Amino acid sequence: MAAPAPTDDRKHDDRRFLGRLSLPERRYLADALRTETVGGVLLLVAAVAALVWANTLSGSYEAVSDFHIGPAALGLDLSIQHWAADGLLAIFFFVAGIELKRELVAGELRDPRAAALPVVAALCGMAAPALVYVLVNALGNGSMDGWAVPTATDIAFALAVLAVIGTSLPSALRAFLLTLAVVDDLFAILIIAIFFTSDLNFAALGGALAGLVLFWLLLRKGVRGWYVYVPLALVIWALMYNSGIHATIAGVSMGLMLRCTTRDGEQHSPGERIEHLVRPISAGLAVPLFALFSAGVSVSGGAIGNVFTQPVTLGVVLGLVVGKAVGIFGGTWLAARFTRAELNPDLAWPDVFAVASLAGIGFTVSLLIGELAFAGDAALTDEVKAAVLMGSLIAAALASVLLKLRVRRYQALVAAEERDDDEDGIPDIYEEDNPAYHLRMAEIHERKAAEHRERAQLAGAPRDEADRPA
């Protein structure tokens with residue numbers, strides 16, 4: 001007999017920060033982060049491969065990265081590196097668009113009261129790194145063009161670090177980290193669209209907008225079939241690229257159009273189904289290939305030394321390491337204080353600071369913004385990339401130490417979240433208010449008690465026989 005649906009205890013946690021997630025949200029989170037973790041490991045491998053390749057066979061690395069392919073007549077005769085940044089990352093931002101839409105209509109951001117705190121934290125976590133960068137470059141007479149580089153968080157890289165150090169965060173902390181990354185992605189998209197748009201081609205832009213309208217109408221009419229949407233998506237992407245607006249905007253726009261709420265008879269929304277199909281392509285192929293052709297920079301002693309002596313690169317490093325941690329933690333603490341939200345008693349403020357430090361890993365989008373910000377200066381672009389790598393590495397090391405200090409507490413909380421003694425597929429922690437659960441547990445314990453009484457009798461039988469008089 002199927003167990004009754006668990007009660008949603010979210011109503012008990014309305015004023016609690018990092019409280020327990022609802023069961024559907026926890027399951028979605030686990031599935032999404034599982035894929036991102038695998039993708040993050042591949043991202044790490046790709047980044048290391050790029051560094052080894054670029055520092056051992058630099059000639060071949062540059063030759064492959066600069067090799068051009070594509071129809072010139074359509075304005076798409078691009079280098080391999082360019083295809084990775086403008087083409088493959090459109091897939092990444094498509095998934096980000098779906099993720100953002102789902103969070104807004106069915107996830108943690110759907111309730112303005114619940115969303116206020118992580119959104120404020122994310123905004124502070126983007127503003128503080130930018131301010132750190134601006135301050136460093138104002139004092140050092142550096143370039144202000146890279147202010148947006150340290151503002152992003154790479155969720156896949158952060159999860160890969162957790163996998164490497166063997167730390168599993170409780171679902172509430174993982175959800176907080178994911179929400180930060182989602183809001184980061186949203187504002188990174190806005191930054192790219194507003195500050196890194198070249199001269200507009202209004203004909204191409206009009207075509208891209210017409211394609212997006214057609215995409216939306218087909219979705220509204222319930223038209224199905226990848227053979228309809230994939231060619232249309234490619235046309236929209238090509239037109240957006242030729243319009244002068246960064247082509248990744250096409251990806252996020254189409255992602256935001258998908259329906260992410262379920263209707264009668266649906267177990268999953270169309271957005272969730274498509275995200276489930278496309279996320280492995282994004283995390284396992286698109287982002288690692290982008291890293292392979294973007295992370296290949298010189299890591300000689302002189303290059304590393306320059307990272308800490310030039311205002312542009314020092315601003316990036318300090319923005320990621322100091323700005324992210326201080327901004328997210330400070331924004332979270334202030335928002336919680338003014339909203340009177342109570343921190344989950346199972347966690348502590350040092351846990352929030354550790355996650356804030358982990359959010360300083362700004363790999364993928366930071367590299368992309370670095371390329372856009374210093375597109376006319378190849379040498380400075382490489383130095384900024386080295387700064388992103390160094391800042392992300394320092395942030396990862398700092399977060400690893402902080403998280404390891406609490407690893408036993410996290411392990412206990414994760415074990416409690418996953419415990420399912422009645423084996424009904426629902427963690428016991430979600431059934432504490434369900435009478436049927438307690439009745440099932442009573443039956444289980446009674447059966448175990450009867451089994452142990454029988455074993456006790458059998459274990460005592462030989463001694464009884466031996467004690468009988470001859």
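**Salt bridges in a predicted model**

R409 is partly exposed, with 34% relative accessible area (partly exposed lies between buried, under 20%, and exposed, over 50%, using a 1.4 Å probe and protein chains only). This is a predicted model: local features need pLDDT of at least 70, side-chain atom pairs count only at pLDDT 80 or more, and totals for chains, interfaces and linings use all residues. Residues are numbered from 1 along each chain as its sequence is written, and side-chain values use heavy atoms, leaving out hydrogens and water.

**Overall**
- The protein has 17 helices and four strands (DSSP runs: H or I of at least four residues for helices, E of at least two for strands, numbered from the N terminus).
- Of the 470 residues, 48% are buried.

- The whole structure holds 10 salt bridges (a side-chain nitrogen of Lys or Arg within 4 Å of a carboxyl oxygen of Asp or Glu).
- R409 pairs with D346, with the closest N and O atoms 3.5 Å apart.
- R409 sits in helix α16 and D346 in the loop between β4 and α13, so this bridge ties together parts 63 residues apart in sequence.
- D346 is partly exposed at 37%.
- R406 and D351 form a salt bridge at 2.8 Å, N to O.
- R406 lies in the loop between α15 and α16, and D351 in helix α13, 55 residues apart.
- R406 is partly exposed at 26%, whereas D351 is buried at 0%.

**Within a helix, and a network**
- R455 bridges to E451 at 2.8 Å; the two are four residues apart in helix α17, about one helical turn.
- E99, E275 and R279 are linked in a network of salt bridges.
- E275 belongs to helix α10 and is buried at 3% relative accessibility.
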